[in-house]
Amino acid sequence: TEAIGLYNLGQSCCLNSLLQVFLMNMHFTGILRRITVPSSPAQRRKNVPYQMLLLLEKMQCGKRKAVCPTELACCLSLHRVQLFVQHDAAQLFLTLWNLLKEQMKKPELVEKLSDLYTISIQEHLACQKCSFEIKRNSTMLTLPLPVLDASSHRLKTLKDCLQYFFHPEELTGQNMCFCQQCGRKMPFLQSMKLVHLPQTLTLHLKRFCFEASSRTYKLSHYLSFPQDLDFSEVLTESQCQADDSEKAAWRYELFAVVAHSGSISFGHYCAYIRSLTECKWYCFNDSEVCQVSWDDVKCTYGHSSRNWRETAYLLIYMKKPPQ
């Protein structure tokens, strides 16, 4: 019933933050509690869902302010997840999710896990000269949102980032595509249309910038995000490939923020999570957990002149119940 911290094992703040986001999500833990327990001790040591379930039970049964995720960390190391190194939260989230999906034996649980997190989009490529068009359906676990536009101008709100992500792009010059109808390379219009959004929606603010010169730096400028997000009000009709009943369910409330402070080479993660039972915000900073306000969460919007300050990196939204 209480928010419990996780001890840092040595540069494990990224893992700890993501584990808290998973385990504070009652939709996820409802799936986790239904897994098949592996039969042998060796299998149990290597099974990520089982070790995550053990950690959840340890957090719920104890009266300590924090517990140690050693067994789960050792389990992850058996699957080539490095320990005692700095991780990127977006990449580690994908790694954890894929390990969970691979090791859940019940097909119905795999399906429920996919339904809980998977975003469906349709990619379009249209020749600018004729009617030739290519459509391809695909799925994503996160929406990787640029925080700069094509001219390197800073995007200032989450709405700006979403609209830019779904804005059509002209493929010209060296980026032209071969058109089967025209018989040669032609300018194309590339666009993405939103088809389906899951119960738990993960947005990745791409604040780590990689340049051709191999220089990597963090973009810490101010970028606001709302507590309530309605995708039907953010995207245009042409950016959606969904019926009215699907779009009516695109109303979200912010559930968690995974924030990064510091630089590319030396940083720290923590998680701000809204308890679904208490509707209160908590900051999970490894073993330290404290209740915070929405104003505290807004401090992760960023600040252009303070690059070491906390900035939101992953935003996790939860679908609102139907009206």
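Residues are numbered from 1 along each chain as its sequence is written. In this predicted model, local features need pLDDT of at least 70 and side-chain atom pairs count only at pLDDT 80 or more, while totals for chains, interfaces and linings use all residues; side-chain values use heavy atoms, with hydrogens and water left out.

**Exercise 1.** Determine how H4 and H5 are oriented to each other.

*Solution.* Helices are DSSP runs of H or I with at least four residues, numbered from the N terminus. H4 covers residues 48-61 and H5 residues 70-77. Their axes, lines fitted to C-alpha atoms over the stretch in contact, lie 9 Å apart at an angle of about 170°. Angles over 145 degrees count as roughly antiparallel; H4 and H5 are therefore roughly antiparallel to each other.

**Exercise 2.** Identify the residues through which H4 meets H5, and classify them.

*Solution.* Contact requires heavy atoms within 4.5 Å. H4 contributes Val 48, Gln 51, Met 52, Leu 55 and Lys 58, and H5 contributes Glu 71, Leu 72, Cys 75 and Leu 76. These residues divide into six nonpolar, one polar and two charged.

**Exercise 3.** State whether Arg 80 is buried or exposed, and describe its phi.

*Solution.* Arg 80 lies in the loop between H5 and H6 (89-103). Its phi is near 65°, a positive value in a residue other than glycine. Buried means under 20% relative accessible area and exposed over 50% (1.4 Å probe, protein chains only). With 82% relative accessibility, Arg 80 therefore counts as exposed.

How values were computed. Axes are lines fitted to C-alpha atoms, for helices over the stretch in contact, and angles run from 0 to 180 degrees between N-to-C directions. Helices (H or I, at least four residues) and strands (E, at least two) are DSSP runs, numbered from the N terminus. Angles under 35 degrees count as roughly parallel, over 145 as roughly antiparallel, 65 to 115 as roughly perpendicular and the rest as oblique. Ala, Val, Leu, Ile, Met, Phe, Trp, Tyr, Cys and Pro count as nonpolar, Asp, Glu, Lys and Arg as charged, and the others, Gly among them, as polar.
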